[in-house]
Amino acid sequence: MPLPERNAHTMKIIVVGAGVLGVSVARQLALAGEDVLLLDQRGAGTGTTATTFAWTNSSRKPNPDYHRLNLAGMEEHARLAEQLPGAPSYFPSGALQWADAANLQRLVGNVERLQALGYPAHWVTPGEAMRVAGSVRIPAAITSIAYFPSEGYVLPDRFVSNLLADAEQHGATFAIGEVVAIDDGPDAIAVTLAGGEVCTGDRVVLAAGRWTERLAARAGIDVPMVTDAGRGAQTVGLLGYARSPELDLRCVIHSPGLNLRPAAGGHTVLQALDLNADVDPAAPPAADGDIASTLARRFSAVLPDPGRAPEIDLRIGLRSLPADGHTVAGYASAQARVYCLVSHSGVTLAPVLGRLAAAEISTDQEQDLLAAFRPTRFTGVRRSDVEVDQHATGLGEQ
């Protein structure tokens, strides 16, 4: 059945969630001339977006449709960077993956798979790696290094700020408000806020990250998400923000014990995937505890001058994980006015998902790249038949 016929006049579209996906689609809808209200319960970029490693890639995406979508996301970042106001937020720096003997076969297998797909990946010497990476030390245990020149990273807070500024410049309105109900009625769709205020419109974009399943359920929509946020859960991701020493790091690095990416001002974002198993969001690791000291020790091992003790702030992130590991993009049903948008690869995909979702909403024309990611794929399917383990533990995983 066709969608409810859109009015000839400008549509009023309410976007729920101001993370990278919500702000991106709000901007694109505003560019298309729609009347956009963007809502977030706390503030733009304060959910999962605030605690993301923010590596742009399609490195370990074996599903062909998902790989193709991530490639499009990487390409879209380059185009978007030329359009956005503000300081640069996207850096096509390339990425390095370092392997020791225990991780070599894993890395070899992935490099060969990606090369067969035409994805840029090649082996480099330690000297070549140092010229790409900047002032870091490669530990003696590292035996092989692969370089992925088309990858990069984003500074998430700056990215969201730039997207939001451009969205507002083109007429979008941003407001703080916690959505507690979504009612898809016969003539319009209504969103109720915690304070009792009701906003009505022609469409709602549900881009609420890890809160998507709960909000969707209130509208009678099934979007299965991984919701466990207990100790060592799949959703849990610890990041370290190293304030000192300042490091001249120029690209993303993945190594067996530590991942690194540049942050503003010579700071460094750190990730040690194996430590997530011991992280409990209800009892965050102490600044002077075992987890913090392990992260500091691993960071010191790659510093050119390891003598100075690092100063690292810990932050726990909760990933937005659809149950089957793949992006959700599309209307909840053929009759629905609710467009669902959620992804674990939010930073990589934000530019392309924003553009494609806005095109589908504004024109009612389906976009081929999104065909495999409709929320309707969950209809009538048992959760146990689609759910996959998404613990990120290995080299090059997120």
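This is a predicted model: local features need pLDDT of at least 70, side-chain atom pairs count only at pLDDT 80 or more; totals for chains, interfaces and linings use all residues.
## Helix packing and cores: worked exercises

**Exercise 1.** Find at what angle α1 and α8 cross, and which residues bring them together.

*Solution.* Two packed helices are described by the angle between their axes and the distance between the axes. For α1 and α8, the axes come within 8 Å and cross at roughly 40°. On the α1 side, the residues in contact are V20, L21, S24, V25, Q28 and L29, and they meet residues of α8 including G346, V347, L349, A350 and I361. Sorted by class, this contact holds 12 nonpolar, 5 polar and 1 charged residues.

**Exercise 2.** Decide whether α1 and α5 are roughly parallel or roughly perpendicular.

*Solution.* Begin with the geometry: helix α1, residues 20-31, packs against helix α5, residues 156-169, at an angle of about 25°, with the axes 8 Å apart. Because angles under 35 degrees count as roughly parallel, α1 is roughly parallel to α5. The handedness comes next, and α1 passes α5 in a left-handed crossing. Finally, V20, V23, S24, A26, R27 and A30 in α1 meet F159, V160, L163, L164, D166 and A167 in α5, a contact that divides into 9 nonpolar, 1 polar and 2 charged residues.

**Exercise 3.** Describe how α2 is oriented against α8.

*Solution.* The axes of α2 and α8 come within 7 Å and cross at roughly 85°, which makes α2 roughly perpendicular to α8. Among the residues that meet are Y66, L69 and M74 in α2, and V347, L349 and L353 in α8. In this contact of α2 with α8 there are 10 nonpolar, 4 polar and 3 charged residues.

**Exercise 4.** Determine which element gives the most to the largest nonpolar core.

*Solution.* The largest nonpolar core has 44 residues, and those with the most contacts inside it are V15, L29, V205, Y339 and L341. Several elements each supply at least two residues of this core, among them β1, α1, α2, α5 and α8, and α8 gives the most, with 9 residues. Taking V15 as an example, and not counting residues up to four places away in sequence, its contacts include G22, V25, A26, L29 and V205. Apart from this core lies another, of 32 residues, among them L96, I145, A296 and L318.

Terms used:
Residues are numbered from 1 along each chain as its sequence is written. Side-chain values use heavy atoms; hydrogens and water are left out. Axes are lines fitted to C-alpha atoms, for helices over the stretch in contact, and angles run from 0 to 180 degrees between N-to-C directions. Helices (H or I, at least four residues) and strands (E, at least two) are DSSP runs, numbered from the N terminus. Angles under 35 degrees count as roughly parallel, over 145 as roughly antiparallel, 65 to 115 as roughly perpendicular and the rest as oblique. A crossing is left-handed if the near helix is turned anticlockwise from the far one by less than a right angle, and right-handed if clockwise. Contact means heavy atoms within 4.5 Å. Ala, Val, Leu, Ile, Met, Phe, Trp, Tyr, Cys and Pro count as nonpolar, Asp, Glu, Lys and Arg as charged, and the others, Gly among them, as polar. A nonpolar core is a set of buried Ala, Val, Leu, Ile, Met, Phe, Trp, Tyr and Cys residues joined through side-chain atoms within 4.5 Å. Buried means under 20% relative accessible area, exposed over 50%, partly exposed in between (1.4 Å probe, protein chains only).
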